[in-house]
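Work through these exercises with the model open beside you. Try each task before you read its solution.

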Amino acid sequence: MIKPIGHKLILKRLESVVKNNSYGHAYLFIGPKGVGKFLAAEYFANLLICKEKNAYGKCKDCQLISLDGHPDLFKIIEEDNIKIEKTRELKEFCSLKSFSGGSKVVLIKEADKLTSEATNSLLKSLEEPEGKVVFVLTASNINNIPKTIISRCQIIVFSLVPKTEIIDWLIEAKGFSKAEAEKIGQLAAGKPKIALNIAENEGLHEKKDVENFFNLFKNRNYLEKFAYLNKILEEERISYILDAYILYLRDLLILKTGCKEKIIHKESQDFLAEKSEISFKKIEKSIEIIKNLKETVSSGINSKLLAENLALFMEEG
Ligand SMILES: [Zn+2]
């Protein structure tokens, strides 16, 4: 289990309501995608269930939670819509007696994926709590959550995490050097999830990532292209790859004007030289397209759709 990165004030508040037994019945965690709302929800759930009011400790409850197998914790994490079958399972969970005698917790990730049927069924569970059940819903946009649900929840707003906190975490918990942590912290843009993804992929593979991206244009296999793009979109690595890609394209422009010594990626000179047949016009156009693409990515459009469009764009060369 990973302790949330940043959000110290919120975590303190959650710890204190558990300690004082003054927690509410339902919460809605709102904030941008990737800031760690669900990690905070899992942390809160652990505090609520552990008899020592601890999180990620050594007791039996904490251990079961870390194995994702505690009977008093019910999580709904769906790829697509959250259908009524799930909220029916939830109802059944609510009607069961607590396994360890304390609170039971329901976590719903991306509650904006609830279908209207599922929303109605969830509302019933929220209105008629059986036993001690605490609900925590997370979502990135409050406007997509029905008012009937919002009115029953305490709302906690998550913001982007300061870069320094992400950098400190990378150094202390993940053992990155200061220089590399700063680079990753910059790319994470306040979203620990991006830092986490890069850290779990054992650091930046800027050169390799960009080479793969470049080579994608030549790959004639649409499905392979789509699969690769979808993967980097899901891992939320696309923004960083696009940023790096733009820098490589700039180097390519510089190299074509013959100013070898001014390029940033000196180690990739040979790789860039191979691409020197690409025209100025095409490079400039690519930079423009990539910049637009970055805006589309940050607007939070469906990643599968974006991967499809991107793969098609590459088909056209
Ligand atoms: Zn414990």
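**Exercise 1: Burial and overall build**

Task: Find what percentage of the residues of the chain count as buried.

Solution. Start with the burial count: of 317 residues in this predicted model, 33% count as buried. Next, list the secondary structure: 15 helices and 5 strands. Then take the extent: the C-alpha trace spans about 75 × 40 × 30 Å along its principal axes. Finally, turn to contacts with a separation of 6 or more: 73% of them join residues 24 or more positions apart.

**Exercise 2: The largest nonpolar core**

Task: Which residues touch the most other members of the largest nonpolar core?

Solution. First, size the core: it has 44 residues. Next, pick out the members that touch the most others: F44, A45, V105 and V136. Then ask where the largest share comes from: helix α2 (residues 37-49) supplies 9 residues. Now zoom in on V105. Leave aside its neighbours within four places in sequence, and its contacts are A45, L48, I49, D72, L73, V134 and V136. Last, look elsewhere: another core of 34 residues lies apart from the largest one, and its members include A181, A188, V210 and F213.

**Exercise 3: Domains**

Task: Describe how domain 1 meets domain 2.

Solution. Begin with the bounds: domain 1 covers 8-157, domain 2 covers 162-201 and domain 3 covers 205-315. Then take the distance: the C-alpha centres of domain 1 and domain 2 are 27 Å apart. Finally, sort the residues on the domain 1 side: 2 are nonpolar, 2 are polar and none is charged.

Terms used. Residues are numbered from 1 along each chain as its sequence is written. This is a predicted model: local features need pLDDT of at least 70, side-chain atom pairs count only at pLDDT 80 or more; totals for chains, interfaces and linings use all residues. Helices (H or I, at least four residues) and strands (E, at least two) are DSSP runs, numbered from the N terminus. A residue is buried if 20 or more other C-beta atoms lie within 10 Å of its own, exposed if 12 or fewer, and partly exposed in between; C-beta atoms are placed from the backbone. Two residues are in contact if their C-beta atoms, placed from the backbone, lie within 7 Å. A nonpolar core is a set of buried Ala, Val, Leu, Ile, Met, Phe, Trp, Tyr and Cys residues joined through C-beta atoms within 7 Å. Domain bounds come from an automatic or database domain assignment. Ala, Val, Leu, Ile, Met, Phe, Trp, Tyr, Cys and Pro count as nonpolar, Asp, Glu, Lys and Arg as charged, and the others, Gly among them, as polar.
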